[in-house]
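Please find below some notes for a colleague who is opening this structure for the first time. They are set out as numbered points.

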Amino acid sequence: MLEARLQETALLKRLLDSIKELVTEANFECNEEGINLQAMDNSHVALVAVRLEASGFKKYRCDRPMPLGVNLASLTKVLKCAKDDDICIIKASDDADVLNLVYEARNSDRIAEYDMKLMDIDAENLGIPDTEYDARVTMPAGEFTRIVRDMSLLGESVRIEVSKEGVRFASDGEAANGSVLLKQTEAAREKYANYGKDEVKDEDDEDNEEEGSSKKKIKKKVKKEDGDVEMDDGEDDEDGESKAKSDDEGEEEQDNEEEEEESTRKKRKRAPSKDKKTATKKAKKSEEVASDGGVLIEMNQHVSLTFSLKYLVNFSKSSSLSNTVQLMMSNDVPLLVSYKFGQGDIKYYLAPKIGEE
């Protein structure tokens with residue numbers, strides 16, 4: 001029996017949107033380690049491999065290895081019935097011909113349940129050999145998406161060249177030619193030092209620390225001001241006039257404190273939520289890296305290969321899953337395009353075009 005509880009349905013939606021145009025039918029191979037998918041496109045030029053680790057699910061149980069043959073178009077339709085933040089529970093019994101999906105709404109008692117027919121797909125699982133690549137480029141996923149889309153306006157193919165100068169994307173079309181050169185930056189070396197780790201969690205921790213420290217400061221400030229008022233009440237006792245003046249000052253300070261507290265309350269009401277703050281910080285960080293190039297190049301030797309832009313544009317749709325993409329290349333070897341996200345990763349393999357410069 002399989003039972004997998006996913007915190008947000010949005011992850012499955014983005015995953016399906018990334019691969020549904022490349023692959024129409026595929027087996028989700030389920031075992032105790034997680035869920036894997038491996039499939040080739042109809043022309044056998046590209047291969048996609050998806051890995052969802054068991055540890056990424058809130059609850060995961062798989063009693064024995066089982067393949068779930070799924071039509072991706074049908075699964076996409078069923079997933080559209082759920083909200084992005086719904087909890088998704090995937091169930092399948094042993095030797096079942098139906099996949100059960102349950103959507104639990106977070107802010108209400110709404111529970112929706114759908115059954116989808118499974119298919120018998122005779123697909124051979126290909127063994128992907130471990131390859132030592134001559135060049136590895138780590139860069140912002142948004143920058144890669146922009147480049148391949150721009151190049152696709154000029155021609156059908158793109159030449160990707162990795163050298164000491166940087167990584168160059170060049171396309172020769174009938175009406176126009178174009179190229180984009182990205183040079184390595186020192187900021188990228190620090191940015192991608194811990195590539196693949198959960199950045200959002202770290203940012204949440206930072207936000208908690210900041211909120212906690214600010215609360216302490218506010219409390220400390222209020223206590224200090226209270227102390228100042230008491231001290232003012234006890235000082236300047238030389239005559240009645242100075243004492244009366246001190247009382248008036250104490251009242252004024254108290255009024256000022258009340259105004260400050262009211263102003264603070266209003267600011268807190270207007271302040272963005274923690275989730276929005278985290279998302280804004282992450283988006284800003286990603287934009288900063290993208291704006292300065294944010295490219296890390298690890299190279300053993302010069303590599304230059306030509307690929308079909310149609311496939312690369314499809315691969316780039318996975319930028320909804322991750323802000324970072326890795327391109328791994330060796331001469332006369334398929335290109336590996338890899339996106340890592342909190343739950344696992346998605347990898348695309350694309351054969352180079354032969355005889356094109």
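**Notes on the predicted model**

1. Strand β8, residues 98–104, is joined to β9 by seven bridges, and the two strands run antiparallel. One place to look is Val98, which stands opposite Lys117 in β9. The model is a predicted one, and the points below should be read with that in mind.

2. Strands β8 and β9 belong to an open sheet of five strands with antiparallel pairing, in the order β5-β1-β7-β8-β9. Its edge strands are β5 (59–62) and β9 (111–117), each of which pairs on one side only. From one strand to the next the twist averages 15°. Helix α2, residues 72–79, packs on this sheet and touches β8 and β9. The direction of α2 makes about 25° with that of β8.

3. Five aromatic pairs are found when the whole structure is searched. In one of them, the ring centres of Tyr103 and Tyr114 are 5.5 Å apart and the planes lie at 45°, so the pair is tilted. Tyr103 sits in strand β8 and Tyr114 in strand β9, so the pair ties together parts that are eleven residues apart in sequence.

4. Elsewhere, ring pairs link Phe315, Tyr339 and Tyr348 into a cluster.

5. There is another open sheet to inspect, with four strands in the order β13-β12-β11-β15 and antiparallel pairing. Strands β13 (177–182) and β15 (303–308) form its edges, each pairing on one side only. The twist here averages 15° from one strand to the next. Within this sheet, six bridges join strand β12 (residues 166–172) to β13, and these two run antiparallel. Ala170 has Ser179 in β13 as its bridge partner. Helix α3 (residues 141–152) packs on the sheet and touches β11 (157–163), β12 and β13. The direction of α3 makes about 165° with that of β13.

6. Turning to charged side chains, how many salt bridges are there? The count comes to 13. Side chains of opposite charge can pair when their charged atoms come close.

7. One of the salt bridges joins Lys317 and Glu21, with the closest N and O atoms 2.6 Å apart. This pair links distant parts of the chain, 296 residues apart. Lys317 is in the loop between α8 (309–315) and β16 (324–329), while Glu21 is in the loop between α1 (10–19) and β2 (25–31). Lys317 is partly exposed, with a relative accessible area of 27%. Glu21 has 52% relative accessibility and counts as exposed, the cut-off for that class being over 50%.

8. Arg51 and Asp345 form another salt bridge, their closest N and O atoms being 2.4 Å apart. Arg51 lies in strand β4 (residues 46–53) and Asp345 in strand β18 (residues 344–350), so the pair ties together parts that are 294 residues apart in sequence. Arg51 is partly exposed at 31% relative accessibility, whereas Asp345 is buried, with a relative accessible area of 6%.

9. A salt bridge is also found between Glu165 and Arg168, where the closest N and O atoms are 3.6 Å apart. Glu165 counts as partly exposed at 46% relative accessibility, and Arg168 is partly exposed as well, with a relative accessible area of 24%. Returning to Arg51 and Asp345, salt bridges that share partners join these two and Glu53 into one network.

10. The protein chain has eight helices and 18 strands. Of its 357 residues, 39% are buried. Among contacts between residues at least 6 apart in sequence, 69% join residues at least 24 apart. The chain exposes about 21200 Å², and carbon and sulfur atoms supply 45% of that area.

Key: Residues are numbered from 1 along each chain as its sequence is written. This is a predicted model: local features need pLDDT of at least 70, side-chain atom pairs count only at pLDDT 80 or more; totals for chains, interfaces and linings use all residues. Side-chain values use heavy atoms; hydrogens and water are left out. Two strands pair if DSSP finds at least two bridges between them. Axes are lines fitted to C-alpha atoms, for helices over the stretch in contact, and angles run from 0 to 180 degrees between N-to-C directions. Contact means heavy atoms within 4.5 Å. A salt bridge is a side-chain nitrogen of Lys or Arg within 4 Å of a carboxyl oxygen of Asp or Glu. Buried means under 20% relative accessible area, exposed over 50%, partly exposed in between (1.4 Å probe, protein chains only). Rings of Phe, Tyr and Trp (its six-membered ring) pair if their centres lie within 6.5 Å; planes under 30 degrees apart count as stacked, over 60 as edge-to-face and the rest as tilted. Accessible areas come from the Shrake-Rupley method with a 1.4 Å probe; for residues, only the protein chains shown count as cover.
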